[in-house]
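This briefing covers the pockets of one model and the surroundings of its ligand. Please look at the sequence and structure first.

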Amino acid sequence: MIPRILFAHLPTSIESMPRLTDFLGGPQLFVKRDDQTGLAFGGNKTRKLEFLVAEACEQGADMLISAGAIQSNHCRQTAAAAAKFGFDCILVLTGEIPKQATANLYLDELFGARIVNVSNRADRDRVLKETFDKAVGEGKKPYLVPYGGSSTTGALGYAFAMEEFIKQDVHADWIVFGTSSGGTHAGLVLGQRVFGFKGKILGISIDESEDWLKSNVSRLASETSGRLGNHIEFKPADVLANADYCKAGYGVLTDAEREAVRLFAKMEGLLLDPVYTGRAAAGLVDLIRKGFFIKDEKILFWHTGGQPALFAENYLNTI
Ligand SMILES: Cc1ncc(COP(=O)(O)O)c(C=O)c1O
């Protein structure tokens, strides 16, 4: 039995987006609301943390340590999980700490996480290791939650999310979503094979190249498959990824993300975030306009959360 603590609000609902579908002139658009998974405003990390926190408990850990950007959604949800299950928490955050903590950073502090700041991303791995070793030296038993929660343990969350989706019996020709550290992507690709999803799974890259995603997602899916005992070998060609929409760089807002955030808000009353789901939706909208999808296909946009970032000082009033 793979350890898992059930705390996510599952299954997440699937809603149609008729006004957005009409506005874009088809194909039929749906959204799976993983922005509503629970745990500190929800998002894709809740599913991963069900497995990661269970593993930390099994290993007798008393502290969660993780790392990410200043406005990391993953770190916000890790800090919330630490608070909920009584772990200490240290977050190694890269970037400039603003005078006034807003959005995810504000929430990290509210959950009682200790912040270690790294100004230069090149130093992040070293500082993370030093932080971990220091905690051990002080007698703590830290559990390292990997970047984005994207280990085999975290990816299991999205393998089972695919099982949940299939049970919901909503037909989709395509699943489209934002991909970055690859755990969500790997889990979905693995779940597709294990539970028999017949459509296609397309990750819109937030910050990584297509080659990186294809090789890392296929490797992680293969390794995660081992955890389920079925040892499926995935190849890079099994992974669909589009890296056309991340050229501006991580977290850099362009007119494309602005339009997508506004479209989803005005047409469907749905909130996207500026960094991940805004970029993924911008890719989806562009692909629809280019005629990438057949008109009567059904497209499921898998919403992965992230909305607190809308209130970060660098995005407020810029969308
Ligand atoms: C809102 C949101 N969507 C998508 C992703 C990407 O997920 P993954 O890291 O599993 O590729 C993240 C990662 O932090 C995220 O915060």
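Which space is taken by the ligand? The ligand takes the largest pocket, where sitting in a pocket requires more than half of the ligand's atoms to lie within 2 Å of the pocket's grid points. The model is predicted: local features need pLDDT of at least 70 and side-chain atom pairs pLDDT 80 or more, while totals for chains, interfaces and linings use all residues. Residues are numbered from 1 along each chain as its sequence is written, and side-chain values use heavy atoms, without hydrogens and water.

**Largest pocket**

- The largest pocket holds about 990 Å³ of space. A pocket is an open set of points, on a 1 Å grid over the protein atoms alone, where a 1.4 Å probe fits, with protein on both sides within 12 Å along at least five of seven lines; lining residues have an atom within 4 Å of a point. A volume is the space filled by probe spheres set on the points, which are joined across faces, edges and corners.
- Its lining comprises 49 residues, of which A69, S180, D207, Y250 and Y276 are closest to the centre.
- Two or more lining residues come from each of α2 (45-58), β3 (63-69), α3 (73-85), β7 (174-179), α7 (183-195) and α8 (210-228); helices (H or I, at least four residues) and strands (E, at least two) are DSSP runs numbered from the N terminus.
- With four residues, α8 gives the most to this lining.
- By class, the lining has 25 polar, 14 nonpolar and 10 charged residues. Nonpolar means Ala, Val, Leu, Ile, Met, Phe, Trp, Tyr, Cys and Pro, charged means Asp, Glu, Lys and Arg, and the others, Gly among them, are polar.

**Ligand shell**

- Around the ligand are 16 residues, with K45, K48, S181, T184 and T304 nearest; a residue counts if one of its heavy atoms lies within 4 Å.
- The shell divides into 13 polar, two charged and one nonpolar.

**Polar contacts and burial**

- Polar side-chain atoms lie 2.6 Å from a ligand oxygen atom for K48 and 3.4 Å from a ligand oxygen atom for Y276.
- In T304, a side-chain N or O atom is 2.6 Å from a nitrogen atom of the ligand.
- The ligand alone exposes 380 Å², of which the protein buries 98% (Shrake-Rupley method, 1.4 Å probe).

**Second largest pocket**

- The second largest pocket has a volume of about 190 Å³.
- Its lining includes V261, R262, F311 and Y315.
- By class, that lining has eight nonpolar, two polar and two charged residues.

Key
A polar contact is a pair of N or O atoms within 3.5 Å; within protein, one must be able to donate a hydrogen and the other to accept it, and residues adjacent in sequence count only if both atoms are side-chain atoms.
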